[in-house]
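Here is a short briefing on one protein model. Keep the sequence and the 3D view open as you read.

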Amino acid sequence: MSLIDLLTGNTGNQVAEKAENKFGISKNQILALLAVATPLVISYLRNKSQDNKEAEALNNALDKDHDGSILDDTSQLEARQSEGGSILSHVFGSEKGNVENQLSQNTGISINKIGPILAMLAPVIMGYIGKEKQQNNVGAGGLGDLLGGILGGAQTQAQQQPSSPLNDILGSVLGGGQSQSSGNPLNDILGSVLGGGGQQKQQQGGGLGDILGGLFGGK
């Protein structure tokens with residue numbers, strides 16, 4: 001399953017519906033958050049996996065806790081929310097608050113709800129990575145390439161498919177994440193694509209704001 005299939009298919013919709021019911025946030029906003037947060041988490045993990053100890057720790061966590069079953073059984077979501085918070089704390093580290101603040105500003109989801117919603121989404125993202133790891137028979141040493149391949153494949157697929165709000169978000173996010181070279185996914189994705197980088201924002205018009213406007217019915 002490609003990253004775009006995960007986000008736009010049955011699993012993504014079920015996750016968005018559950019989050020909508022629990023937090024009172026529109027399904028479209030949840031889908032937009034998924035489309036931005038998932039590549040961001042994967043980018044951070046790809047960077048971390050360049051360190052052998054981090055790669056080994058991620059490999060063990062995926063083998064132990066993330067077999068992909070959550071993709072077919074989203075009833076696990078609420079029970080694993082506290083686990084999701086721990087995942088995000090490890091993935092983002094000291095940047096967690098900044099990431100949540102930027103995502104809140106750019107998706108319109110209030111800051112007091114963004115963390116809990118992300119915590120609900122995190123086990124889904126890890127389950128997807130774990131399933132891809134199993135299917136490709138990848139160990140700790142191959143995780144960086146696996147994660148890079150997930151992002152690269154989704155970027156290509158987003159560019160090839162007809163324009164839609166979610167595809168446009170993914171194309172923008174993945175394009176920013178892949179083409180920038182600062183080595184910091186927060187700067188590459190949130191900074192450039194979500195409104196921090198003046199030059200790129202001007203080139204893209206309103207950037208993500210315009211795309212989200214279309215997704216939420218503003219256009």
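Contact means heavy atoms within 4.5 Å. By that rule, and not counting residues up to four places away in sequence, S104 touches I109, S110, I111 and I114. This is a predicted model: local features need pLDDT of at least 70, side-chain atom pairs count only at pLDDT 80 or more, and totals for chains, interfaces and linings use all residues. Residues are numbered from 1 along each chain as its sequence is written, and side-chain values use heavy atoms, with hydrogens and water left out.

**S104**
- S104 sits in helix α6, residues 96-107 (helices are DSSP runs of H or I, at least four residues, numbered from the N terminus).
- S104 counts as buried because its relative accessibility is 12% (buried means under 20% relative accessible area, with a 1.4 Å probe and protein chains only).
- A polar atom of the S104 side chain lies 3.3 Å from the backbone nitrogen of I111.

**L34**
- L34 belongs to helix α3, residues 27-48.
- L34 is buried, at 4% relative accessible area.
- Beyond its neighbours within four places in sequence, L34 contacts L7, G12, V15, P39 and L121.
- L34 and G12 are 22 residues apart along the chain, and their C-alpha atoms are separated by 7.9 Å.

**The nonpolar core**
- A nonpolar core is a set of buried Ala, Val, Leu, Ile, Met, Phe, Trp, Tyr and Cys residues joined through side-chain atoms within 4.5 Å.
- The largest one has 59 residues, and those with the most contacts inside it include L33 and I117.
- Helix α3 supplies the largest share of this core, 13 residues.
- Leaving aside neighbours within four places in sequence, I117 is in contact with F23, I25, I30, L33 and I109.

Notes
Helix = DSSP H or I, 4+ residues; strand = E, 2+ residues; numbered from the N terminus. Buried < 20%, exposed > 50% of the residue type's maximum accessible area, 1.4 Å probe, protein only. Polar contact = N/O pair within 3.5 Å; in protein donor to acceptor, adjacent residues only side chain to side chain.
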